[in-house]
Amino acid sequence: MFNDKQIKTLENELDSSRIKTREKGNIQLSYLEGFDIIETANSIFGFGNWSYTVSKLEQVSQETNVNQTYIVCYKAVLRVLVYNNTHTINVNREDVGFGTGIAKTLADSHENGAKEAITDALKRALRSFGNQFGNSLYDKSRNHNNQNQTNQQNKQVASNQQKPPSNNPIQRNTNQGFNQYEYQSLYNLGLNIIEQNGFLIVVGDDIFAKKDSIKACGFRWDGNSKQWYKSLEQGAA
């Protein structure tokens with residue numbers, strides 16, 4: 001089915017620089033981003049040698065939170081088809097994924113939830129092909145921590161964490177006093193929420209590119225500190 005080069009690549013250990021992390025509750029989760037998974041499939045299988053089909057996409061639930069924001073959950077069933085270079089042999093994998101869309105408008109929440117569910121299903125289906133698609137992340141005995149990436153993220157967080165009205169030192173409260181479920185969509189995007197001086201602050205990579213999801217959760221942009229924030233009282237409401 002696969003040639004020697006493909007097999008060797010699939011058997012290689014996962015490059016730790018590709019791994020992203022986010023916190024969910026008190027647990028740190030490791031994952032690969034959706035675009036990274038697609039680029040890896042294109043690189044290993046070839047642009048015309050693989051495809052995927054969504055066989056089922058259905059809404060699971062819908063509710064409105066305290067910020068009058070819509071929360072819509074979706075489930076997707078997706079099948080991946082991979083061909084050999086001559087298209088004479090193929091193998092398929094199928095799996096299910098879930099996604100949560102949170103937005104001020106119902107249309108946006110549906111869109112975000114559906115897209116997230118499809119991406120989740122794609123990642124789950126492709127992980128059956130091994131380490132390069134994140135299967136090894138499920139093996140807790142392996143150490144995939146990228147110390148350099150972790151240090152860079154810590155430095156970025158430390159340099160950006162300033163209370164919006166002033167430049168007071170950080171006073172992070174490790175006993176989180178807000179409802180983390182409300183920000184599940186942000187965690188799913190690889191972002192994190194921290195408490196600082198009576199405010200909730202959004203931290204993570206490519207924050208401005210994810211502004212629509214952040215705004216939908218009630219955060220405001222502070223131009224001086226270059227941060228998305230909201231008062232802790234709002235987050236605990």
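Guide: Start with a definition. Helices (H or I, at least four residues) and strands (E, at least two) are DSSP runs, numbered from the N terminus. The model above is predicted.

Visitor: In which loop is Asn197 found?
Guide: Strand β6 covers 192–196, and strand β7 covers 199–203. Asn197 sits in the loop between these strands, β6 and β7.

Visitor: Is Asn197 buried or exposed?
Guide: Buried means under 20% relative accessible area. Asn197 has a relative accessible area of 15%, so Asn197 is buried.

Visitor: What is the phi of Asn197?
Guide: Asn197 is a residue other than glycine, yet its phi is positive. The value for Asn197 is near 55°.

Visitor: Is Lys226 buried or exposed?
Guide: Lys226 lies in the loop between β8 and β9 (227–231). Its phi is also positive, near 60°. Exposed means over 50% relative accessible area. Lys226 has 54% relative accessibility, so this residue counts as exposed.

Visitor: How many helices and strands does the chain have?
Guide: Both kinds of element belong to the secondary structure of the chain. The count is seven helices and nine strands.

Visitor: What share of the residues in the chain is buried?
Guide: The chain has 237 residues. Buried residues make up 41%.

Visitor: What share of the accessible surface belongs to carbon and sulfur atoms?
Guide: The accessible surface of the chain comes to about 13,000 Å². The share that belongs to carbon and sulfur atoms is 46%.

Visitor: What share of the contacts joins residues at least 24 apart?
Guide: Take the contacts in the chain between residues at least 6 apart in sequence. Of these, the share joining residues at least 24 apart is 62%.

Visitor: How are helices α2 and α3 set, one to the other?
Guide: Helix α2 spans residues 34–45, and helix α3 spans residues 106–126. They pack at an angle of about 40°, with axes 10 Å apart. Angles from 65 to 115 degrees count as roughly perpendicular, and angles under 35 degrees as roughly parallel. Helices α2 and α3 are therefore oblique.

Visitor: Which residues of α3 make the contact with α2?
Guide: The crossing of the two helices is left-handed. From α2, the contact uses Gly34, Ile37, Ile38, Ala41 and Phe45. From α3, the contact uses Thr119, Leu122, Lys123 and Leu126.

Visitor: How many residues of the contact of α2 with α3 are nonpolar?
Guide: The contact of α2 with α3 includes two polar residues and one charged residue. The number of nonpolar residues in this contact is six.

Visitor: Is Phe219 buried or exposed?
Guide: Phe219 is found in the loop between α6 (211–216) and β8 (220–222). Beyond its neighbours within four places in sequence, Phe219 is in contact with residues including Tyr183, Leu186, Ile193, Trp228 and Lys230. Its relative accessibility is 4%, so Phe219 counts as buried.

Visitor: What distance separates the C-alpha atoms of Phe219 and Lys230?
Guide: Along the chain, Phe219 and Lys230 are eleven residues apart.

Visitor: How far apart in space are Glu195 and Lys230?
Guide: Glu195 lies in strand β6. At 3% relative accessibility, Glu195 counts as buried. Glu195 and Lys230 are 35 residues apart in sequence. From C-alpha to C-alpha, Glu195 and Lys230 are apart by 9.9 Å.

Visitor: Which residues is Glu63 in contact with, leaving aside its neighbours within four places in sequence?
Guide: Glu63 is found in strand β3 (residues 50–64). At 36% relative accessibility, Glu63 counts as partly exposed. Its contacts beyond those neighbours are Thr69, Tyr70, Ile71 and Tyr181.

Visitor: What distance separates the C-alpha atoms of Glu13 and Gln132?
Guide: Glu13 lies in the loop between α1 (4–11) and β1 (20–24). Glu13 is exposed, with a relative accessible area of 52%. Along the chain, Glu13 and Gln132 are 119 residues apart. Their C-alpha atoms are separated by 7.2 Å.

Technical notes: Residues are numbered from 1 along each chain as its sequence is written. This is a predicted model: local features need pLDDT of at least 70, side-chain atom pairs count only at pLDDT 80 or more; totals for chains, interfaces and linings use all residues. Side-chain values use heavy atoms; hydrogens and water are left out. Axes are lines fitted to C-alpha atoms, for helices over the stretch in contact, and angles run from 0 to 180 degrees between N-to-C directions. Angles under 35 degrees count as roughly parallel, over 145 as roughly antiparallel, 65 to 115 as roughly perpendicular and the rest as oblique. A crossing is left-handed if the near helix is turned anticlockwise from the far one by less than a right angle, and right-handed if clockwise. Contact means heavy atoms within 4.5 Å. Ala, Val, Leu, Ile, Met, Phe, Trp, Tyr, Cys and Pro count as nonpolar, Asp, Glu, Lys and Arg as charged, and the others, Gly among them, as polar. Buried means under 20% relative accessible area, exposed over 50%, partly exposed in between (1.4 Å probe, protein chains only). Accessible areas come from the Shrake-Rupley method with a 1.4 Å probe; for residues, only the protein chains shown count as cover.
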